[in-house]
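This report is meant for someone meeting the structure for the first time.

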Amino acid sequence: MSATDTQTPAAAPQDAAPVHKSWWRALMRDRAAMLALILLTIIVIAAIIAPLIAPHDPNLNSRSVMQPPVWTERGTWEFILGTDGQGRDILSRILYGTRLTLLIGLVAVGIGGVIGSGLGLLASMYPKIDPWVMRLNDMMLSFPAILLGLALVAVAGPGVWPVIVALGIASIPDCARIARSIGIGVMGQEYIEAGRAVGLSDWTIFRRYLLRNSISSIMIFLSLRFGQVILIGAALSFLGLGARPPASELGMMAAQGRDFLLFAPHIATIPSVVIFLIVLCANVAGDALRDVLDPRLKS
Amino acid sequence: MTELLRVQNLTKHFPVKRGLLRRQVGTVQAVTDVSFTLAPGETLAVVGESGCGKSTLGRAILRLHEPSSGEIRLDGEDVTALDTRDLREARKRMQIIFQDPYGSLNPRMTVRETLAEPLLLHGMATPANIRAKVDELITMCGLSAWHADRYPHEFSGGQRQRVGIARALATRPRLIVCDEPVSALDVSVQAQIVNLLQDLQRQLGLAYVFISHDLGVVRHIANRVAVMYLGRIVEQADTEELFLNPRHPYTRTLISSAPRPDPTVARHKLPVEGGTPSAMALPSGCAFHPRCPMAVDRCRAERPELRQLGGTLVACHRADEAVEGMDVAAAGKDSPALLRRLEILEQARTMQA
């Protein structure tokens, strides 16, 4: 009887390692998530190596204006996705535009994620500052992102960066809120008390206990937020607040294509489809991330 | 000095705040005016039902909860007055084992990381010899060195509790507060852990404050027992004395109502009705009087102080009276369930030997 608890040599070292493999296997089993992840990876890589694979200069006006895509009757292989109202190759513009769109999403989510979750976790750790952080949060929440973007653009002039900063700031309160509630759950665990009993400093407890145990849930939220930010960013570009004209950005491309919707619908629909795909993939992958990471690395 | 720990008039009250403005609407009197001493190598059990403040007491001793008032002297040094730096130093000498072996280990850290933490922090090991030190610690608690590189979720409850014990032992403390260390485990594993605790106590001269509601385990492990009811100690005596000659009606009730797994055995139950009153609104006089079969007017008006009665400290106006319906002899006898539990504990001991 006394031996059963401590000695299980049969299951010894071989199952000590696969902690990291088990979530990979779970992800493989989820077909939709796998597809989303693969698609997202392709999109990201394509965006990164855009200068290498873009068939044309994205800003070069060719003589064929509003050329339809290759799968239509009048399509040619020279412009696979056709050309826009100014004769620019849509495929090349999509590749460069995705770059900018992803940049907006990542940096804005990064700003909001780091500041927001930092504030939220601090609030969960120190009940004294909690009400202050949360009231500040409520104030920020009552401020629409688009309005903030408009204000920043009014001050700093139009461009990508004011939009990124506006979206980042607008992401802070949501992130803080989520991080706080995740953090409160973690702070209630006995291992936090155990860490204190050991004599660990607050900083170590924050880093090694609170952050390590909240980060996966926060990352899942951020992956969902990423999709939202891209949509708002596209909306701001659509309103003419984001990237400035010669540059390409997916939301802006959709906005420009709007004028030709009746004669050349592909100009607006193709960038819209790409936005849709990015957001959909980010959301599906984020959802799967939750399923995979949440059951506490259970094997 | 024969005194390792002296707790003097320890009180911990939690303010209850409600509403938008966080106004204080009441106070939970979790621990009130608790005093006891503990010698090196001794085990004091603190028993009582859920919510009586025994866990708060344990955490207050370690200053995991800041005591509201009172004094805690460890080796003569007042723990309540220490600043952060000295408190860390003091935590080398006092540690805690938690109840829930699933919640008390950081799920994102391997056992090795968890155990290395106190060793490195308190300078008990250097990065150079940390591997060996952790291996030594973990084998001392009955696990193997290869267990160390695993994550907590790969362990059974009993094994995790061994890790928890190893963490508490890492700094070679002299006092360990055991907060219901076995109540989350099944009976056979309980016996192993209890025996491990006893072996370690003998080897290392540890003193335990053993918080439990399991009288079988308490009887087996404790030298002295303190019974708590609604934040106060109502009776304190040597283990034998307390079990054979309980003075306080609450203690008698506790002992007579120790669970029996066999439903066919008629329960010899002492007449106690109702639940525990709220610790936010304590009854007047003796806190136990609403449930006490012996209560008289005096109990409702005047709170009994602890007083010496034979070898026992007891807080009851009528502790020295024999009262109808509170048959001390019958209540004091070990229930069959208790005897069976003790038997299992003994069995585990002989099997280990």
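This is a predicted model: local features need pLDDT of at least 70, side-chain atom pairs count only at pLDDT 80 or more; totals for chains, interfaces and linings use all residues.

In chain B, four strands form an open sheet whose order is β2-β1-β4-β5, and the pairing within this sheet is antiparallel. The edge strands are β2 (23-38) and β5 of chain B, each of which pairs on one side only. Strand β1 (residues 5-18) of chain B runs antiparallel to β2(B) and is joined to it by 11 bridges; within that pairing, B:Lys12 stands opposite B:Val31 of β2(B). Helix α1 (residues 54-61) of chain B packs on this sheet, where it touches β1, β2 and β4 of chain B, and its direction makes about 70 degrees with that of β2(B).

Another group of strands in chain B is joined in the parallel sense, and strand β8 takes part in the pairings described next. Strand β3 (residues 43-47) of chain B runs parallel to β8(B) and is connected to it by five bridges, with B:Val47 standing opposite B:Ser212 of β8(B). Strand β7 (residues 175-179) of chain B also pairs with β8(B) in the parallel sense, over five bridges, and here B:Ile176 has B:Tyr208 of β8(B) as its bridge partner. Between β7(B) and β8(B) the chain passes through helix α6 (residues 187-204) of chain B, and this β-α-β crossover is right-handed.

How many of the six residues of strand β8 (residues 207-212) of chain B are buried? Six of the six are buried, so the strand is largely enclosed by the rest of the structure. B:Ala207, B:Val209 and B:Ile211 point one way from β8(B), while B:Tyr208, B:Phe210 and B:Ser212 point the other way, and all of them are buried.

B:Asp75 has a phi near 55 degrees, a positive value in a residue other than glycine, and B:Glu180, although not a glycine either, has a positive phi of about 45 degrees.

In chain A, the region described here is helical. The axes of helix α7 (residues 145-156) of chain A and helix α8 (residues 160-187) of chain A come within 9 Å and cross at roughly 145 degrees, and α7(A) passes α8(A) in a right-handed crossing. On the side of α7(A), the contact is made by A:Ala145, A:Leu148, A:Gly149, A:Leu152, A:Val153 and A:Ala156, and on the side of α8(A) by A:Pro162, A:Val163, A:Val165, A:Ala166, A:Leu167, A:Ile169 and A:Ala170. The residues of this contact divide into 12 nonpolar, one polar and no charged.

Finally, one residue links the description of the two chains. A:Ala194 lies in helix α9 (residues 190-198) of chain A, and A:Ala194 counts as buried because 26 other C-beta atoms lie within 10 Å. Leaving aside neighbours within four places in sequence, A:Ala194 is in contact with B:Phe98, B:Ser104 and B:Arg167.

How values were computed:
Residues are numbered from 1 along each chain as its sequence is written. Chains are lettered from A and ligands numbered from 1 in the order in which they are written. Helices (H or I, at least four residues) and strands (E, at least two) are DSSP runs, numbered from the N terminus. A residue is buried if 20 or more other C-beta atoms lie within 10 Å of its own, exposed if 12 or fewer, and partly exposed in between; C-beta atoms are placed from the backbone. Two residues are in contact if their C-beta atoms, placed from the backbone, lie within 7 Å. Axes are lines fitted to C-alpha atoms, for helices over the stretch in contact, and angles run from 0 to 180 degrees between N-to-C directions. A crossing is left-handed if the near helix is turned anticlockwise from the far one by less than a right angle, and right-handed if clockwise. Ala, Val, Leu, Ile, Met, Phe, Trp, Tyr, Cys and Pro count as nonpolar, Asp, Glu, Lys and Arg as charged, and the others, Gly among them, as polar. Two strands pair if DSSP finds at least two bridges between them. A crossover is right-handed if, with the strands pointing away from the viewer, the path from the first strand over the helix to the second runs clockwise.
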